[in-house]
Amino acid sequence: MSASQHDSDGGSGADKDAFARLADANLRLLGLPASAEELAVIRGADALYRPLVDRLFAADVDEIEPESAFDPSRPPLD
Amino acid sequence: MSLLDQTLRDQAAAIASGEVDPAELLDAAHERIGERNPDLNAIVETFPERSRDMLASAPRGPLYGVPVAIKDEWPLPWRGERLGAAQFLGGSPEAGESGPYRVLRDAGAVIVGVANMHEYGAGSTGHISAWGAAHNPWDLERCPGGSSSGPGSAVAGRLVAGAVGADGIGSIRYPAAYCGIIGLKPTFGRSAMEGHHLPQTQTIVSGPLCHDAADCRLLASVLFGEPLAAGEAGGLRIALVPGVLWDDCDPEVREACQEAVRALVDEVAESSSEEELPDPYLVAISSVLLGSTEELGIAGPREVASLGEQVSLIARGLLRYRLMLPAAAIARAKLVRTQVRRSLARIFQRVDVLAWPTVPAAAPRLENPTVELPSGSWPADYVNPRHGGIANLTGVPAISVPVGHTAEGLPIGLQLLAAWGRDDVLLDAAEALERATERRFVDAAPPVPA
């Protein structure tokens, strides 16, 4: 597949929906093109995981004191 | 019955007593792989000369002469790991003496083959691999689980009695549950890990997949480099975690696991109780985010951009998606991790073992790896980390024990978790569960492929 094909998600900018434009812009910032098929996978993943990420940002965790000396082989020291 | 159908212990004892010639057992293992592997695709590479060389120089260790398999995640002196992928991320695979190879060799074991895995270890089903999917011996149209798909399929299919897998977000326990065998995710840092392609990992461990708990104890002792003494599990304090981990399961899975917990309580428990944990969905997304973050060093934009079409479309899309997620989510996932670790530390002062189903539904179809739950139809990869991710997020050990079959004959697994360093308690509890169920499920063998 050529770079130009990678750069396209199957249509011109005007044809893209908001998600495709946002994803495309994000990926361009990373210098990472995506094909239409790859964008479809990204869209599917986002439909599943975005609610969980939103839940993570809405979770009441700001008051949690970060663990000191994190070591996954042992229980927390504090 | 062939010795290959028996346990690691039986095979080791038969060799040690002189009853069996280990060279003949090795030949038989190759013959068995030749017969059954075309259906299972559990083993992706054999190397008979290398295996014979291992046997010729094998020390008289606890696994002297016993054939085993190792996941395609570990380098061997004659073969670099491929991670079930057509294109390696972050350089080239290099042959070498990985930790699991070294401890197997030093125990006298003979590596008879490399076992399949889900591409890049990034799936709980095993339905995607550059080697082609491994198949579930209980139903060849079903997923064997992942990412240690080959170890699960190879042990359940009696190609070998034991295999070494790796578990980063449940990757030993899911195939154990789907394939009706036992799989132990050790306490973080306890099992051999040298030579892994993610040396900085804080979530991944090597671990055993075997027919029963005593074999798991034997192979875990080898991987840990220290004996794991057996106890009676008497006076065990068991707790359930009510809520979504039990309620949002296929009813057959829920009922079989409930029955198993009742049997375990009757067999050995001093008490049973209920405990609360933080939101399982937060635990799941935190374990996925932190686990996948460990790969960013080798899966940055440049590496992902270099992936060709020989890599699956799913992997190419998901690796891109991972790079789009906000970095701030990682900081919050670490706070969730702290919350859950503190919560587990408090709980394990009161109880010895927590229990819930290893996976919410039995093995899905390879062609459509989705599961039907009370909450709806979901990709198995989406719901399984809700059950398995907590052990990797926090570092505690966890085990999957076969406890039943669905009406369609598919295995069901119960997961037990214990405190850091108490892998022995899990093995004791699993053995007690085997006694309580009269070994019906650990001794059950899938239909032999034609």
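# Notebook: chains A and B

I began with helix H13 (residues 328–350) of chain B: at 1.5 Å a residue its 23 residues should span 33 Å, and the end C-alpha atoms are 34 Å apart, which agrees. The expected span here is 1.5 Å times one less than the number of residues. Helices (H or I, at least four residues) and strands (E, at least two) are DSSP runs, numbered from the N terminus.

Ground rules for myself. I number residues from 1 along each chain as its sequence is written, and chains are lettered from A and ligands numbered from 1 in the order in which they are written. This is a predicted model, so local features need pLDDT of at least 70 and side-chain atom pairs count only at pLDDT 80 or more, while totals for chains, interfaces and linings use all residues.

**H13(B), continued.** I listed its buried residues, among them B:Arg332, B:Leu335, B:Val336, B:Val340, B:Leu344 and B:Phe348. For burial I count C-beta atoms placed from the backbone: a residue is buried if 20 or more others lie within 10 Å of its own, exposed if 12 or fewer, and partly exposed in between. What covers the buried residues of H13(B)? The cover includes H3 of chain A, plus helix H10 (280–293) and helix H14 (380–394) of chain B.

I read chain A as α-α-α along the sequence, with three helices and zero strands. Of its 78 residues, 21% count as buried. The contact between the chains takes 31 residues from chain A and 39 residues from chain B; two residues are in contact if their C-beta atoms, placed from the backbone, lie within 7 Å. On the chain A side, the elements giving two or more residues are helix H2 (18–29) and helix H3 (36–58). H3(A) gives the most, with 13 residues. I sorted that side of chain A into 22 nonpolar, three polar and six charged residues. My classes: Ala, Val, Leu, Ile, Met, Phe, Trp, Tyr, Cys and Pro are nonpolar, Asp, Glu, Lys and Arg are charged, and the others, Gly among them, are polar.

**The sheet in chain B.** I traced eleven strands in an open sheet of mixed pairing, in the order E1-E3-E2-E4-E6-E5-E12-E13-E9-E7-E8. Two strands pair if DSSP finds at least two bridges between them. Strand E1 (43–45) and strand E8 (269–274) of chain B are the edges, each pairing on one side only. The twist averages 30° from one strand to the next.

Next I looked at strand E6 (residues 205–210) of chain B. Six of its six residues are buried, so E6(B) is largely enclosed by the rest of the structure. Both faces are covered: B:Val205, B:Gly207 and B:Leu209 are buried on one side, and B:Ser206, B:Pro208 and B:Cys210 on the other. Strand E4 (residues 162–167) of chain B runs antiparallel to E6(B), joined by six bridges. Strand E5 (residues 182–185) of chain B also pairs with E6(B) in the antiparallel sense, over two bridges. I noted B:Leu209 as the bridge partner of B:Ala163 and of B:Gly183.

Elsewhere in the sheet, strand E7 (residues 236–240) and strand E9 (residues 353–357) of chain B run parallel, joined by three bridges. B:Leu240 has B:Ala355 as its bridge partner in E9(B). H7(B) packs on the sheet, touching E4, E5 and E6 of chain B, and its direction makes about 150° with that of E6(B).

**H7 against H15.** Helix H7 (residues 213–224) and helix H15 (residues 423–436) of chain B pack at about 160°, with axes 9 Å apart. Axes are lines fitted to C-alpha atoms, for helices over the stretch in contact, and angles run from 0 to 180 degrees between N-to-C directions. That makes H7(B) roughly antiparallel to H15(B); the class needs an angle over 145 degrees. Residues making the contact include B:Ala213 and B:Arg217 of H7(B), and B:Leu427 and B:Glu431 of H15(B). I get six nonpolar, no polar and four charged residues there.

B:Gly146 and B:Ser147 are joined by a cis peptide bond, omega about 10°. B:Ser147 lies in the loop between strand E3 (110–115) and helix H5 (149–156) of chain B.

I also found positive phi in non-glycine residues: near 50° at A:Ala69 and near 65° at B:Arg158. Which is buried and which exposed? A:Ala69 counts as exposed, with 8 C-beta neighbours inside 10 Å, whereas B:Arg158 is buried, with 20 other C-beta atoms within 10 Å.

How values were computed:
Angles under 35 degrees count as roughly parallel, over 145 as roughly antiparallel, 65 to 115 as roughly perpendicular and the rest as oblique.
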